[in-house]
Amino acid sequence: MPITGENLIGAATRRGAGETFRAVEAATGNSLEPAFASATPTDVERACALAAEAFDSYRETSLEDRARFLEAVADAIVAIGDELIVRCMAESGLPRARLEGERGRTVGQLKMFAGVVRDGGFLEARIDPAQPDRKPLPRPDLRLRQIAVGPVAVFGASNFPLAFSVAGGDTASALAAGCPVVAKAHPAHPGTSELVGRAVQAAVKECGLPEGVFSLLMDSGIAVGQALVADPRIAAVGFTGSRRGGVALMQAAAARTQPIPVYAEMSSINPVVLLPAALEARGRDIGRAFVGSLTLGSGQFCTNPGLILAVESAGLDGFLQAASAALRETQAATMLTPGIHKAYCAGVAALEANPAVTTLAQGLAGGTHQGQAALFSTTAQAFLADHSLAEEVFGAASLVVRCPDLAAIRAVLERLEGQLTAAVHLDEGDHDAARALLPVLERRVGRILVNGFGTGVEVGHAMVHGGPYPATSDGRTTSVGSLAIHRFLRPVSYQDLPEALLPAALRDGNPLKLWRRQDGKLVAPGA
Ligand SMILES: NC(=O)C1=CN([C@@H]2O[C@H](COP(=O)(O)OP(=O)(O)OC[C@H]3O[C@@H](n4cnc5c(N)ncnc54)[C@H](O)[C@@H]3O)[C@@H](O)[C@H]2O)C=CC1
Ligand SMILES: O=C(O)CCC(=O)C(=O)O
């Protein structure tokens, strides 16, 4: 499939008339062909108009047709073949095995949402039958279902060019909910974006859906994204990226005449608590496993373990020795973009220059575009006194906070902003300490895990990939897993509608065979 550098606007391909730009080969910094041209305000307007036009018909597609469409998108992505992986490797610097795995996750995610759609549970159908004889007042017939919110703007992430990008979790969950999507390609991987975008475009056509169900816009800067969020036809935004970018989109959305929700997944340092019994029993093993998680994908995971908390002990010394030894042998790895590499180097330099911070170990030095892993330590007292130490350094750097006691660990956790994950390493002897920390962790994070690290999010039904601000803009939601669909739904009540006017999900006789809540009680289809 040739990459042309065009915008995909509904069924059409259209060369933008805005500023041109090229993808950059992450490993070398060289430009890649072809030239991409940024979309213009007219392109944004056309994509949003088509999305609005498609909305009423797309959101009422049958559950089976919508599920088949999601599967067709998955199949079309697989059908691109190796060309997708090769282009993505060049643009992102990520290795083949990682990207093949990420493609599997992307396809699996689309198929999971196909299952969610077929099941129909997301409609949350509820029926409170009329009680005409109720005293003192009769009760009306009330029926409720969830409907799609409207066209969704999706901003792909630089660090997951497939699973969190053009046909990633935000797009899959929005399409599953019944929302058309206008995606804004990340300028770090425009070729990958176009290939995936063309696969979605082909699936829309193959399934006979209105063309406005999907569009893809290119931009070297932020103008297209700003125009998209400001467009009155866009009803919600999905974003993964920097805190600065996410906050800018939240502000743009809030400044609209009709404000809309922005679901932004932004920054997180993912505290890891090492409890005393676990450290004493296997501090060295935990140290080696920690370095594996820290350096995965050159540390470019929002779930990266950026903060380690432990009480001073021989076990902690063992952890630090093993982690430092493993880190010193770690190869430097290509980072996603020169900008991300520069930001990482600046973050590491700031830690090195901080008098309260000690450099424990560094990975092997690398080339111009490669990130060198680094491990630092400080004290709980210094951490609590210096807010800059809690800032995300996006890459393979982590800070160990040496604590005098468990109370200091708790004080550091209380100081942290919202996080995506917290990991606790524990043995049975640590259960009392862990129990005492759990309420703090629940207040701070979206996912609590034991004896592991947060990198590598499982896509499933019980997953929360979210957390209080600034981990995300709305801690009540998740961007991974089937619950992500709820970001793009809203409930509507139908009072006293004649049967002929009711949506199928709420009709007598339950034609869609849904689980429904009847007078508050869950009733199985056919019951
Ligand atoms: N926490 C996380 O999951 C991630 C964090 N990052 C952080 O973000 C930094 C930069 O990485 P990027 O991926 O380029 O993130 P970014 O936030 O700068 O850009 C992400 C997307 O949002 C758009 N955008 C950014 N600012 C905007 C604005 N003001 N108005 C409209 N659109 C805007 C960009 O064009 C891009 O499409 C990294 O160095 C890292 O610190 C990056 C990737 C993931
Ligand atoms: O750890 C993962 O699998 C996902 C990480 C993520 O969401 C991100 O880095 O943006």
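**Exercise 1.** Find which residues Ser-482 is in contact with, leaving aside its neighbours within four places in sequence.

*Solution.* Step 1: apply the contact criterion, which is heavy atoms within 4.5 Å. In this predicted model, Ser-482 is then in contact with Met-112, Phe-113, Val-116, Gly-460 and His-461, neighbours within four places in sequence being left aside.

Step 1: Ser-482 sits in the loop between β20 (445-450) and β21 (489-495). Strands (E, at least two residues) and helices (H or I, at least four) are DSSP runs, numbered from the N terminus.

Step 2: look for a polar contact, that is, a pair of N or O atoms within 3.5 Å; within protein, one must be able to donate a hydrogen and the other to accept it, and residues adjacent in sequence count only if both atoms are side-chain atoms. The side chains of Ser-482 and His-461 make such a contact, at 2.8 Å.

Step 3: check the accessibility. Ser-482 counts as buried because its relative accessibility is 12%; buried means under 20% relative accessible area, exposed over 50%, and partly exposed in between (1.4 Å probe, protein chains only).

The conventions are as follows. Residues are numbered from 1 along each chain as its sequence is written, while chains are lettered from A and ligands numbered from 1 in the order in which they are written. The model is predicted: local features need pLDDT of at least 70, side-chain atom pairs count only at pLDDT 80 or more, and totals for chains, interfaces and linings use all residues, while side-chain values use heavy atoms, with hydrogens and water left out.

**Exercise 2.** Decide whether Ile-80 is buried or exposed, and list what Ile-80 touches.

*Solution.* Step 1: Ile-80 belongs to helix α2 (residues 63-80). Step 2: its relative accessibility is 10%, so Ile-80 counts as buried. Step 3: not counting residues up to four places away in sequence, Ile-80 touches Met-1, Leu-195, Val-196 and Ala-199. Step 4: Val-196 is 116 residues away from Ile-80 along the chain, yet their C-alpha atoms are separated by 8.1 Å.

**Exercise 3.** Describe the surroundings of ligand 2.

*Solution.* Step 1: count the shell, taking residues with a heavy atom within 4 Å. There are 13 residues around ligand 2, and the closest are Asn-159, Cys-302, Thr-303, Val-457 and His-465.

Step 1: list polar pairs. Oxygen atoms of ligand 2 lie 2.6 Å from a polar backbone atom of Cys-302, 2.7 Å from a side-chain N or O atom of Thr-303 and 2.9 Å from a backbone N or O atom of Gly-456.

Step 2: find the cover. Ligand 2 alone exposes 300 Å², and the protein buries 100% of that (Shrake-Rupley method, 1.4 Å probe).

Step 3: locate the ligand. Domain 1 (9-16 + 41-266 + 477-487) and domain 2 (271-450) both give residues to the shell, so ligand 2 lies between them. The domain bounds come from an automatic or database domain assignment.
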